[in-house]
Amino acid sequence: MIDRSIYIHVPFCKKKCHYCDFFSITTLDDTTILHYVEKCKKEIIQFAKKYPDTLIKTIYFGGGTPSLLSSKYIGEILNIIKAEFHTSSEETTIEVNPATSIDWEKYAQMGFNRISIGVQSLDDNVLKKLGRLHNSEVALNAVKEAGNYFDNISCDLIIGTPFDPSITVLGNHIDLLARYVKHFSIYILTVAEDTKMFDYILLNKYTMLEDNLISDVYYSISSKLKSLEFNKYEVSNFAKAGCQSKHNLGYWNKRDYFGVGPSASSYVNGVRFLVSPTGYFNVTETSYKVESVLTQADDMFEHIMLGFRLTEGFSIGDFNKKFNVDFRKTYEKAITKNSEFLSIFNDRIFIKDKYILIMNSIILDFMS
Ligand SMILES: C[S@@+](CC[C@H](N)C(=O)[O-])C[C@H]1O[C@@H](n2cnc3c(N)ncnc32)[C@H](O)[C@@H]1O
Ligand code: SF4
C-alpha cells in the first residue's frame with residue numbers, strides 16, 4: 001500500500017473576495033452543483049481504479065467555499081472516498097467561511113476532525129476592504145462555535161494589506177484567537193492580475209505596503225505566535241505541538257496526492273495531472289484533464305522549492321537517494337552564492353528564518 005492524500009476542490013463562492021484568484025464560480029444553481037458533485041464522484045472512482053494500491057491518509061475539502069455546498073453533498077463525496085479507497089482517516093479537514101451557515105454537528109458526525117476557518121482579519125475595516133461578506137464578530141463566533149465540536153481548529157489570516165491595523169492591534173487579535181485554535185495560517189497578501197485588488201492598486205485607490213513594513217508585520221506576528229507556543233513549521237503556518245497540518249505537510253514533502261474538482265492538481269508516481277477548469281462544467285467536454293510527466297530536473301526543482309518552505313527544510317540524504325545525485329555537488333554554485341541565507345544541520349538544509357521572505361530569489365539560484 002502507498003500512503004496518499006486526496007484534495008477535493010469545491011469551486012463555489014457566494015461572491016469573489018477582492019484579493020482572491022483561486023478558481024471559483026458564483027453560479028450556485030442546482031444543475032451546476034449536481035453536475036459538479038457527480039463529476040467529483042466519477043473522478044474519485046477513476047483514481048481508485050487506477051491506483052488500487054492506495055491508502056488514503058488525509059482528506060482535505062478546500063475551495064472555493066466547501067461550507068457553501070450542502071452537507072448532504074459533502075457527505076456523499078466523503079462516502080465515495082471511503083467506499084472506493086482504503087482509508088486511515090488520520091486527518092479529515094474542511095475549510096469553512098464564516099459568511100456561510102456551517103453545519104458543525106453534521107461535519108463532526110461525518111468524520112471531519114480538523115476545521116480550517118477563513119477568518120482573514122478581526123478588523124472590520126480590513127474585512128470590508130478585502131471584500132469579505134462577514135464582520136469580525138461573525139468570524140469570532142464561528143471560531144468559538146467550532147470549539148464546541150472540534151479540537152483541531154485552524155484559522156487563516158491575511159497580513160501585509162494596505163490597510164493593516166497596527167502591530168499591537170494585530171497582536172491582540174492573535175491573543176484572542178489563540179484561545180480557541182491550535183493552528184494559524186498567516187498569509188501575506190499577494191495581488192494577482194484579474195482581481196479587484198489589482199485594479200484598485202493600479203488606480204491608486206490603495207497603495208501596497210513596502211517590503212520592509214510587510215517584513216516587520218510578519219516577524220512581529222511570528223514572535224507573538226512563538227510566545228503563545230505556536231511554532232512556525234512552514235513559511236505561513238504555525239502550530240501547537242502535534243497540530244501541524246498532516247495533509248499540507250504531504251504536499252511540501254512531495255508525497256503523492258489526488259486532486260479532484262476543477263483546477264485541482266494531482267501528483268502520483270512522479271506524474272502531475274492538472275484538472276483545467278475550462279470544460280469542467282461542460283457536460284460534453286471530456287478533455288479537461290492534462291497530464292504531464294515531470295522531468296527529473298523539474299522534479300528536483302519542485303522538491304527544493306517545496307522543501308525550502310519548511311522551517312526544517314529537507315534531508316540532503318533523502319534527496320540524493322531519490323534522484324541518485326550528489327546534492328552538494330550538483331548545487332555547489334547555488335549553495336555557495338546563498339551561504340549567508342542557508343543552514344545545513346544534521347543532513348538537513350533550510351533557509352534561516354530571518355531570510356525566509358526572500359525565499360523566491362534564493363530558490364531561483366537552484367533552478368538550473
Ligand atoms: C482559497 S481560500 C479558502 C477559504 C475560504 N474560501 C474562505 O475564504 O474563507 C484559502 C485561504 O487562502 C488565503 N488567500 C486567498 N487569496 C489570497 C491572497 N491573494 N493573498 C493572501 N492570502 C490569500 C486566505 O487566507 C484564504 O482563507
Ligand atoms: S478567499 Fe475564499 S471565499 Fe473569498 S473568493 Fe477566495 S475562495 Fe472564495
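## Overall picture

Welcome to the tour. This is a predicted model, and its chain holds 14 helices and 15 strands. Along the principal axes, the C-alpha trace spans about 55 × 50 × 40 Å. The radius of gyration is 21 Å, and a compact globule of 368 residues would have a value near 21 Å, so the two agree.

Buried residues account for 36% of the 368 residues. If you look at contacts between residues at least 6 apart in sequence, 69% of them join residues at least 24 apart.

## Two domains

The chain is split into domain 1, covering 2-250, and domain 2, covering 315-368. Taken over C-alpha atoms, the centres of domain 1 and domain 2 are separated by 30 Å.

## The ligand surroundings

Let us turn to the ligands. Ligand 1 has 16 residues around it, and the closest are Y19, N97, G118, D156 and Y187. The elements that each contribute two or more residues to this shell are β2 (54-63), β4 (114-120) and β5 (153-159). Sorted by class, the shell around ligand 1 contains six nonpolar, eight polar and two charged residues.

Around ligand 2 you will find C13, K16, C17, C20, F22, S24, G63, G64, T65, N97 and G118. This shell divides into four nonpolar, six polar and one charged residue.

## Strands β10 and β11

Strand β10 (residues 265-268) and strand β11 (residues 271-275) run antiparallel and are joined by four bridges. One of the residues involved is S265, whose bridge partner in β11 is L274. Two residues lie between the strands of this hairpin, and N269 takes a positive phi near 50°.

## The sheet of β13, β15 and β14

Strands of a sheet pair through backbone hydrogen bonds, either parallel or antiparallel. Here, three strands make an open sheet in the order β13-β15-β14, with antiparallel pairing. Its edge strands are β13 (314-315) and β14 (342-345), each of which pairs on one side only.

Within this sheet, β14 and strand β15 (residues 348-351) are joined by four bridges and run antiparallel.

Key: Residues numbered from 1 in each chain as written. Chains lettered and ligands numbered in written order. Predicted model: local features only at pLDDT ≥ 70, side-chain atom pairs only at ≥ 80, totals over all residues. Near = placed C-beta within 6 Å. Nonpolar A, V, L, I, M, F, W, Y, C, P; charged D, E, K, R; others polar. Domains from an automatic or database assignment. Pairing = 2+ DSSP bridges. Rg over C-alpha atoms; globule rule 2.2 N^0.38 Å. Buried ≥ 20, exposed ≤ 12 C-beta atoms within 10 Å, placed from the backbone. Contact = placed C-beta atoms within 7 Å.
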